Amino acid sequence: MTNFEFCNPVKIVFGKRTIQRLPFLIPEGSKVLMVYGGGSIKKNGVYQQVKEALQGWNVTEFAGTEANPRYETCIQAVEIIRAKNIDFLLAVGGGSVIDAVKFMAAAVYFTGTDPWDIFTKAASIKKAMPFGAVLTLAATGSEMNERFVISRESTQEKLSSASSKVFPQFAIMDPEVTYSVPANQVANGVVDSFIHVIEQYLTYPVNAKVQDAFAESLLKVIYEEGIKVLDNPYDYDIRANLMWAASNALNSWIGQGVPQDWSSHRLGYALTVQYGLDHAQTLAVILPGVMTYMQKEKQAKILRLGEVVFNIIEGTPEERMQKTIEQTEGFFRQMGLKTRLSEYNIPESAIDLLVEPVKRMGWKLGEHVNIDWQVAREIFLLRK
Ligand code: NZQ
Ligand code: ZN
């Protein structure tokens with residue numbers, strides 16, 4: 001295990017009817033910009049709960065953050081923040097809304113020419129506006145981390161960044177508000193959070209027992225509750241366990257001092273930008289390819305994954321690895337996600353363009369920094 005230094009400063013307020021805690025979490029006298037998405041919060045009562053909690057507060061609304069939030073939209077919000085002297089942001093939504101707010105919080109104080117440089121030139125974030133989150137979808141962990149992913153329409157890019165300046169001040173997590181999430185988005189959340197753990201766990205052992213045991217318990221919970229949730233959408237305990245597991249899957253804890261992969265995530269961005277796949281849909285296609293291509297490097301962890309999560313204990317190591325990869329893909333299919341490019345009508349001839357960002361950005365991905373665009377091409381070919 002390597003040395004590490006980290007701090008997760010996000011205050012969590014978890015449980016039923018917790019949105020009413022908002023006035024005790026936002027600094028008194030704040031001028032708030034409430035940011036939300038395409039309107040789901042108006043149908044499921046979340047909007048009303050927030051407005052009731054903040055009755056009498058100075059709240060401006062900014063609606064219309066897209067799933068896979070767009071830079072162009074965030075910049076409009078930044079103009080409003082400046083024009084109205086907003087001093088606190090409130091994200092009400094899933095990962096997309098929270099990520100958008102993180103970018104707005106950083107962009108509003110950005111002193112360079114274009115805040116897009118945060119992604120393309122690793123421009124540092126020196127200051128960000130404080131913000132909180134009311135989470136409505138269990139998936140990304142954005143409510144409890146410092147990462148954000150933004151797409152830029154004009155350049156057809158989707159890029160991620162991270163900064164300790166953009167941790168939310170608080171996250172309100174009421175599992176009941178996830179009852180209304182459409183089944184396909186619930187499944188996306190299960191698969192995304194499972195793969196967040198995988199990206200930090202399925203590398204090679206460094207004798208990090210706490211991180212490994214924690215990661216394995218998260219994988220088990222996400223798998224076991226994930227296969228139940230679609231048939232039991234109003235089961236509070238299932239929703240609560242999935243919500244808390246998703247936050248813990250990407251809130252820094254399991255990743256400390258251990259090698260990390262993240263290649264499935266990076267390779268997936270092009271599938272979203274070029275073909276409009278949801279984030280988790282991209283991962284369900286790519287991860288089995290990464291596992292297959294990298295099975296020698298990942299052998300010890302694949303065997304352990306098979307044993308702990310899928311109870312695969314018989315056969316030669318090669319047979320057990322094969323079964324584990326199949327079961328992992330089978331889990332995604334059980335959740336209703338497709339796992340092949342052809343199922344999305346993406347032909348083999350599209351692969352060169354899909355790996356173009358890896359080539360252009362010079363990315364070398366994976367825990368061994370050995371997935372360049374040529375290896376990425378081989379991985380995509382395995383997923384035809
Ligand atoms: O826009 P609204 O109306 O809110 O509808 C959303 C959206 O259509 C809907 N929804 C959310 N909560 C709901 C609901 N519908 C009914 N009831 C509710 N309670 O669900 C749809 C998807 O929402 P979105 O926020 O896009 O989903 P998710 O949370 O999966 O976020 C995906 C985004 O997060 C990024 C992804 O790349 C993608 O852009 N990621 C962020 C990460 C991070 N910050 O750490 C890590 C992840 O790996 C990921 O890359
Ligand atoms: Zn993800």
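Me: By class, how many charged residues does the shell around ligand 1 have?
Reply: This is a predicted model: local features need pLDDT of at least 70, side-chain atom pairs count only at pLDDT 80 or more, and totals for chains, interfaces and linings use all residues. Residues are numbered from 1 along each chain as written, chains are lettered from A and ligands numbered from 1 in written order, and side-chain values use heavy atoms, without hydrogens and water. The shell has nine nonpolar and 18 polar residues (Ala, Val, Leu, Ile, Met, Phe, Trp, Tyr, Cys and Pro count as nonpolar; Asp, Glu, Lys and Arg as charged; the others, Gly among them, as polar). The charged residues number four.

Me: Which helices and strand each supply at least two residues of that shell?
Reply: In total, 31 residues surround ligand 1 (a heavy atom within 4 Å), Gly-38 and Ser-180 being among the closest. Elements are DSSP runs, numbered from the N terminus: helices (H or I) of at least four residues, strands (E) of at least two. Those supplying at least two residues each are helix H5 (95–107), strand E6 (147–152) and helix H7 (183–201).

Me: Asp-114 forms a salt bridge with which residue?
Reply: A salt bridge needs a side-chain nitrogen of Lys or Arg within 4 Å of a carboxyl oxygen of Asp or Glu. Here the closest N and O atoms are 3.2 Å apart. The pair spans 38 residues, from the loop between H5 and helix H6 (117–120) to strand E6. The partner is Arg-152.

Me: Is Asp-114 buried or exposed?
Reply: Buried means under 20% relative accessible area, exposed over 50%, partly exposed in between (1.4 Å probe, protein chains only). Asp-114 has 18%, so it counts as buried.

Me: How many residues apart are Asp-352 and Arg-377?
Reply: Their side chains meet in a salt bridge at 2.7 Å. Asp-352 sits in helix H14 (residues 351–354) and Arg-377 in helix H16 (residues 373–381), a separation of 25 residues.

Me: In which loop is Trp-253 found?
Reply: At a relative accessible area of 46%, Trp-253 is partly exposed. The loop lies between helix H9 (236–249) and helix H10 (263–275).
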